[in-house]
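The tour below goes from one selection to the next.

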Amino acid sequence: IYLFAVLEGATVMAVELLSARMVAPYFGSSLYVWGTVIGFTLLALAIGYFVGGVIADKYSGLDALLWVLLTASVFLMLMHVSSPLLTIAFANISPGVAVILVSMALILPPLLFMGMVPTFLIRKVSAGADTAGTSTGIVYAISSASGIVALPLFGFFIIPRYGLTLPSIVTG
């Protein structure tokens, strides 16, 4: 269960860096781009936490978690393909609006599903209401710590060495 928390946290940070780099050739890497990427990351996670909690209460089996992960994986593996297509699709509108729409389409789908993962994990490791706080804290601490490790790995080593396509596929 905790391995899933490690993978989820690292994946969220990888998606954030990958998506920002995918839109940078078209829109630059300005404050507007990073603000949009960070904003949609937080929005996707917030929606995922809420929806994941509802689904985890209704379908607490491992199958539901695996379907969520599979769906997130498909969206992740398609990021490198959809990025240029989305940019071309929105080429004739204002760059500010275009960066918002492209970022929304790139980030919301995979990270919404990744945001659902911790709720399933917490449901699995919580023995009861007495330990729910500790279980939640452990899952989010592991997730956050793996995200902290993933940032320099992706930012300084993986993306510079392998580009965007292979890391997005392998991350998926």
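A helix here is a DSSP run of H or I with at least four residues, and helices are numbered from the N terminus. By that rule, residues 132-162 make up helix α6, and Ser135 is in it. The model you are looking at is predicted.

**Stop 1: Ser135**

Select Ser135 in helix α6. Is Ser135 buried or exposed? Ser135 counts as buried because its relative accessible area is 6%, and the limit for buried is under 20%. Now show the side chain and look for the backbone oxygen of Val125: the side chain of Ser135 reaches that oxygen at 3.4 Å. If residues up to four places away in sequence are left out, Ser135 touches Ile122, Val125 and Ser126.

**Stop 2: helices α2 and α5**

Next, colour residues 31-58, which form helix α2, and residues 95-125, which form helix α5. These two helices pack against each other at an angle of about 35°, and their axes are 6 Å apart. The crossing of α2 and α5 is right-handed. Which classes of residue make up the contact of α2 with α5? Sorted by class, there are 21 nonpolar, 8 polar and 2 charged residues in it.

**Stop 3: Ser103**

Stay on helix α5 and select Ser103. Ser103 has a relative accessible area of 1%, so it is buried. Which backbone oxygen does the side chain of Ser103 reach? It is the backbone oxygen of Val99, at 2.8 Å. Then display the residues around Ser103. Apart from neighbours within four places in sequence, Ser103 is in contact with Val23, Thr36, Val37, Phe40 and Leu108.

**Stop 4: Met114**

Move along helix α5 to Met114. Met114 is also counted as buried, because its relative accessibility is 4%. With residues up to four places away in sequence set aside, Met114 touches Glu8, Thr11, Val12 and Ala72. For a distance to draw in the viewer, pick the C-alpha atoms of Met114 and Gly9: they are separated by 8.6 Å, although the two residues are 105 places apart along the chain.

**Stop 5: the salt bridge**

How many salt bridges does a search of the whole structure find? The search finds 1. To see the salt bridge, select Arg123 and Asp57, whose side chains meet with a distance of 3.3 Å from N to O. Arg123 belongs to helix α5 and Asp57 to helix α2, so the pair links distant parts of the chain, 66 residues apart. Arg123 is partly exposed, with a relative accessible area of 43%, whereas Asp57 counts as exposed at 53%. The two labels follow from the cut-offs, because exposed means over 50% and partly exposed is the range between that and the buried limit.

**Stop 6: Trp34**

Go back to helix α2 and select Trp34. Its relative accessible area is 28%, so Trp34 is partly exposed. Which residues does Trp34 touch, not counting residues up to four places away in sequence? They are Glu16, Leu17, Ala20 and Ser29. Now draw a line from the C-alpha atom of Trp34 to that of Leu76: the separation is 19 Å, for residues 42 places apart along the chain.

**Stop 7: Arg21**

Arg21 and Trp34 are 9.7 Å apart in space, C-alpha to C-alpha, and 13 residues apart in sequence. Arg21 counts as partly exposed because its relative accessibility is 42%. Leaving out residues up to four places away in sequence, Arg21 touches Ile159 and Leu164.

**Stop 8: Ser82**

Is Ser82 buried or partly exposed? Ser82 is partly exposed, because its relative accessible area is 23% and buried means under 20%. Finish by picking the C-alpha atoms of Ser82 and Gly48, which are 21 Å apart in space. In sequence, Ser82 and Gly48 are 34 residues apart.

Methods:
Residues numbered from 1 in each chain as written. Predicted model: local features only at pLDDT ≥ 70, side-chain atom pairs only at ≥ 80, totals over all residues. Heavy atoms only, no water. Axes fitted to C-alpha atoms, helices over the stretch in contact; angles between N-to-C directions. Left-handed = near helix turned anticlockwise from the far one by under 90°. Nonpolar A, V, L, I, M, F, W, Y, C, P; charged D, E, K, R; others polar. Buried < 20%, exposed > 50% of the residue type's maximum accessible area, 1.4 Å probe, protein only. Polar contact = N/O pair within 3.5 Å; in protein donor to acceptor, adjacent residues only side chain to side chain. Contact = heavy atoms within 4.5 Å. Salt bridge = Lys/Arg side-chain N within 4 Å of Asp/Glu carboxyl O.
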